[in-house]
Amino acid sequence: MTPEALDCGVGWNGRYRCGSPGCDRCRKRQIRRECRAVLKGFDAPDCRFVPVTIRLGATANAQGAITQFRSDLRNRFNLCRQLSRWWFSAAIWGWIAVEEGAGRFEITAHAIVRIGPLLGQADVREAMTRTWDKPDQIEVGSVVGRIDLPALARIMVGQALTASSQWHLSLQDFRSLRFRYGGATVSMRRVAQVCREPMPTLF
Ligand SMILES: [Zn+2]
């Protein structure tokens with residue numbers, strides 16, 4: 001466990017928190033906040049959700065690895081959309097865990113992919129392993145419906161944000177550990193159009 005930042009909630013009669021991802025107290029609040037955001041901004045009618053864990057490995061440069069990951073993820077989603085309209089309504093929200101050991105940082109991304117009615121677990125795994133192709137680098141869980149989204153969010157957000165590292169104390173706030181890609185809303189009219197098209201040949 002990392003210690004609470006010493007001045008968290010102390011100044012200004014406890015009105016302000018430090019907000020650092022290295023602070024135990026702020027982390028608990030942030031986990032609750034992120035879970036609420038998932039239900040408010042990521043849930044959508046007729047969608048299902050797949051948990052994905054991406055192990056980025058150990059690095060001496062945590063910030064560099066995270067920047068590279070964001071760019072790789074954007075490229076991966078853009079490619080998927082170019083190759084198949086089935087990906088148009090897909091989106092991903094995730095959180096990055098940084099664990100420290102022997103001067104190196106182990107980086108893992110914990111994410112939820114929102115899929116429309118057309119994609120399945122195998123499509124997500126296939127797409128992700130095209131970019132992250134080392135053995136066991138990608139783990140894709142079972143598809144869940146909207147009713148199980150709150151529980152899934154608690155697991156994925158919790159796994160990512162409870163990873164403790166002194167490195168987190170150098171961050172200003174939790175936004176550095178969050179990634180989101182894909183539209184907040186889903187156009188069902190567009191999905192209906194795609195449903196009438198023939199099965200695309202993927203990749
Ligand atoms: Zn704090």
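From the N terminus on, the elements of the chain follow the order α-β-α-β-β-α-β-α-β-α, with helices (H or I, at least four residues) and strands (E, at least two) taken as DSSP runs numbered from the N terminus. The chain holds five helices and five strands. The model is predicted: local features need pLDDT of at least 70 and side-chain atom pairs count only at pLDDT 80 or more, whereas totals for chains, interfaces and linings use all residues. Residues are numbered from 1 along each chain as its sequence is written.

Of the 203 residues, 32% count as buried (20 or more other C-beta atoms within 10 Å of the residue's own; exposed means 12 or fewer, partly exposed in between, with C-beta atoms placed from the backbone).

Helix α2 (residues 62-83) has 22 residues and reaches 31 Å from first to last C-alpha, close to the expected 32 Å (1.5 Å times one less than the number of residues). Its buried residues are Ala62, Ile66, Leu73 and Cys80. They lie on the same side of α2 because they cover an arc of only 55° around the axis, the arc being that of the directions from the helix axis to the C-beta atoms. On the other side of α2, the exposed residues are Gly64, Thr67, Ser71, Arg74, Asn75, Asn78 and Gln82.

Strand β1 pairs (at least two DSSP bridges between two strands) with β3 in the antiparallel sense, through 11 bridges; Phe49 has Arg114 of β3 as its bridge partner. Three bridges join β1 to β4 (residues 138-140), also antiparallel, and Ile54 stands opposite Ile138 in β4.
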